[in-house]
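This briefing collects computed features of one protein model, grouped by topic for a reader who has the coordinates at hand. Please keep the structure open while reading.

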Amino acid sequence: MSTRFLAGATGALALACAATALAASPPALLLHGGTIHTGNPAQPRAQAVLAVDGRIAFVGDLATARAQAPEGTRAVDLGAWTMLPGLTDSHAHLAGIGERELGFDLTGVESLAAMKQRLAERAVADKGPWIVGANWIESKWKPAVFPTRQDL
């Protein structure tokens, strides 16, 4: 057998073992300790969070969470860590936002004719060698045509 085949087979075996270990993980997770923020003004903090089958089943005091936890629940003491609900990455590209704000924003232009009109107005105000614009949606224009170099 070649070394390449053995390396591939070993990698596949490792992936299969990892998948089996994940599938065999405990059915529930109990997080406690640390600082747990709930995002609920009526109950801004909690002692524990219990998740069963990948869903939040209980948020509140540790004694109740333990009483509701099914057998085999994995408990994790957060220690000095802080738990926050549902943070979502806003995924902002700051350099792109800055360029858009400094450039010629064509958001909301409803037609090729309107784009040409705004471009003519900008050309009068901006005497630089280039006018860089973006953010139009030609697929919503009637007719849905992409601006050509002759249009610009």
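This is a predicted model: local features need pLDDT of at least 70, side-chain atom pairs count only at pLDDT 80 or more; totals for chains, interfaces and linings use all residues.

At 5% relative accessibility, alanine 28 counts as buried, and its place is in strand E1.

- Once neighbours within four places in sequence are set aside, alanine 28 is in contact with Leu50, Ala51, Val52, Pro70, Thr73 and Arg74.
- Between alanine 28 and isoleucine 56, which are 28 residues apart in sequence, the C-alpha to C-alpha distance is 9.6 Å.
- Histidine 32 is also placed in strand E1, which spans residues 28–40, and with a relative accessibility of 11% histidine 32 counts as buried.
- The contacts of histidine 32, leaving aside neighbours within four places in sequence, are Gln47, Ala48, Leu62, Arg66, Ala75, Val76, Asp77, Leu78 and Gly79.

- Strand E2 (residues 43–52) and strand E3 (residues 55–60) run antiparallel and are joined by five bridges.
- Within this pairing, alanine 51 has isoleucine 56 in E3 as its bridge partner; alanine 51 is also among the residues in contact with alanine 28.
- Two residues lie between E2 and E3 in the hairpin that they form, and aspartate 53, in the turn, has a positive phi of about 55 degrees.

**Salt bridges**

- How many salt bridges does a search of the whole structure find? The search finds two.
- One of them is formed by the side chains of aspartate 151 and lysine 116, with an N to O distance of 3.6 Å.
- Because aspartate 151 lies in the segment after strand E7 (133–134) while lysine 116 belongs to helix H4 (residues 112–125), this pair ties together parts that are 35 residues apart in sequence.
- Lysine 116 is partly exposed, its relative accessible area being 39%.
- Aspartate 126 forms a salt bridge with arginine 122, and here the closest N and O atoms are 3.7 Å apart.

- Is phenylalanine 104 buried or exposed? Phenylalanine 104, which lies in strand E6 (residues 104–105), is buried, with a relative accessible area of 8%.
- Not counting residues up to four places away in sequence, phenylalanine 104 touches Arg118, Leu119, Arg122, Ile131, Val132, Gly133 and Ala134, and Arg122 is the residue that bridges to aspartate 126.
- By class, the lining of the largest pocket comprises eight nonpolar residues, one polar residue and no charged residues.

Conventions:
Residues are numbered from 1 along each chain as its sequence is written. Side-chain values use heavy atoms; hydrogens and water are left out. A salt bridge is a side-chain nitrogen of Lys or Arg within 4 Å of a carboxyl oxygen of Asp or Glu. Helices (H or I, at least four residues) and strands (E, at least two) are DSSP runs, numbered from the N terminus. Buried means under 20% relative accessible area, exposed over 50%, partly exposed in between (1.4 Å probe, protein chains only). Two strands pair if DSSP finds at least two bridges between them. Contact means heavy atoms within 4.5 Å. Ala, Val, Leu, Ile, Met, Phe, Trp, Tyr, Cys and Pro count as nonpolar, Asp, Glu, Lys and Arg as charged, and the others, Gly among them, as polar.
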